[in-house]
Amino acid sequence: MHSSLPIFGLGVLLVSSAVAADPDPFSQPIATVRVALIRDVDSMGKTIQSVFQAHYEGNIRVVRMPNGKFTAINTLGIEDFLKGVIGHEMSPSCPIEALKAQAIAARSHALFSAEDSLNGPYDLVANISQAYRGADEKELRVLQAVDSTRNEVITYKGALVPAFFSESCGGHTASIQEAWSQGAEKDLRAFPMPPTVDCPACAATEHFQWVTGLTHSDFTRKTKSWGSKIGELLNLEVLGRTPSGRVAQIKLVGTQGDEVMSAEKLRSLLGFNVLKSGLFEVEKTSNGIEFKGEGWGHGVGLCQFGAQQMAEHGATYKEILAHYFPGSKIVSYKPAEGFAALQKSKLTAEN
């Protein structure tokens, strides 16, 4: 990455050596994505210092956001982005067919996000949207999985699928409506998605079942940390379940009042590694609250552990994706009209 920092718009452009023109048409990206590497930093200097801790393809623009803070946005070709993602979403030692399935799901998710955020400052958030850590750790099997599925995406009823994925679905995948009944994903709830499916393959994985407990005092400290007014926690009550068996809503009962929230909201507040999924039972114990659950993650779309098990038993990436996205098709990506126009304008500006 060059050390010069030319001024570019409202921010600073850090130009990577990978920006140089390549005469090979096959190497040109079918689309670019904009990834927020770090957000809401107090100073430009701290933002730039953080960016230089890793190597990134494409270019990086440091932008002052409307709130006065700084965000570093990496713009790069979709295939280069995937090469920095797949080995962190799945172990590079996984069967190659599982890695290919992951590559196509991740490509579909990233491009859907890019098309859906034309008016936003960026398309994806590193290590939140997908596990992106730059170009420093590229494994040969990851490169093979990405290159051999180049340009392939998942469509359903003719539309690009926002192909989500999680580590373990707990035996049955969830719908978008189940996982995100409200909040950040609300715009996707009406989007046509393939139906959910049973996933017996992930039952053989280590994270299929889990148990975690919190004392009443620990739970109360957490409720106070997010501003809850319920007082001391007395109990938790499951108010309903989704079609796949996940907790729909849960009531926190306290000495000063009650609070009702979705399971995904509770997971975000307690920690996604504490409450691993919404597929759980809750029990009051002498010491506090105990959760017993299955799966790890929101459970929507591709089950990563299930995909690995299917590949180990001989399934191809097309068979894996056909299972987790029934009725879908794997096709060559064709950008939506507005997104295609944006990509063309970027190329014109760069040239």
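Select Tyr56, Phe81 and Tyr132: these residues form one aromatic cluster. Rings of Phe, Tyr and Trp (its six-membered ring) are paired here if their centres lie within 6.5 Å, with planes under 30 degrees apart counted as stacked, over 60 as edge-to-face and the rest as tilted. The model is a predicted one, in which local features need pLDDT of at least 70, side-chain atom pairs count only at pLDDT 80 or more, and totals for chains, interfaces and linings use all residues. Residues are numbered from 1 along each chain as its sequence is written, and side-chain values use heavy atoms, with hydrogens and water left out.

A search of the whole structure finds three aromatic pairs. In the pair of Phe81 and Tyr132, the ring centres are 5.0 Å apart and the planes stand at 50°, so the pair is tilted. Phe81 belongs to helix 2 (residues 78-83) and Tyr132 to the loop between strand 6 (124-125) and helix 5 (140-148), so the pair ties together parts that are 51 residues apart in sequence. Helices (H or I, at least four residues) and strands (E, at least two) are DSSP runs, numbered from the N terminus. Both Phe81 and Tyr132 are buried; buried means under 20% relative accessible area, exposed over 50%, and partly exposed in between (1.4 Å probe, protein chains only).

Next, select Phe280 and Phe291. Their ring centres are 5.4 Å apart and their planes at 85°, so this pair is edge-to-face. Phe280 lies in strand 14 (residues 280-284) and Phe291 in strand 15 (residues 288-294), 11 residues apart. Phe280 is buried at a relative accessible area of 2%, and Phe291 is buried at 1%.

Finally, select helix 1 (residues 44-51), whose buried residues are Thr47, Ile48 and Val51. These cover an arc of only 95° around the axis (taken from the directions from the helix axis to the C-beta atoms), which puts them on the same side of helix 1. On the other side, Lys46 and Gln49 are exposed.
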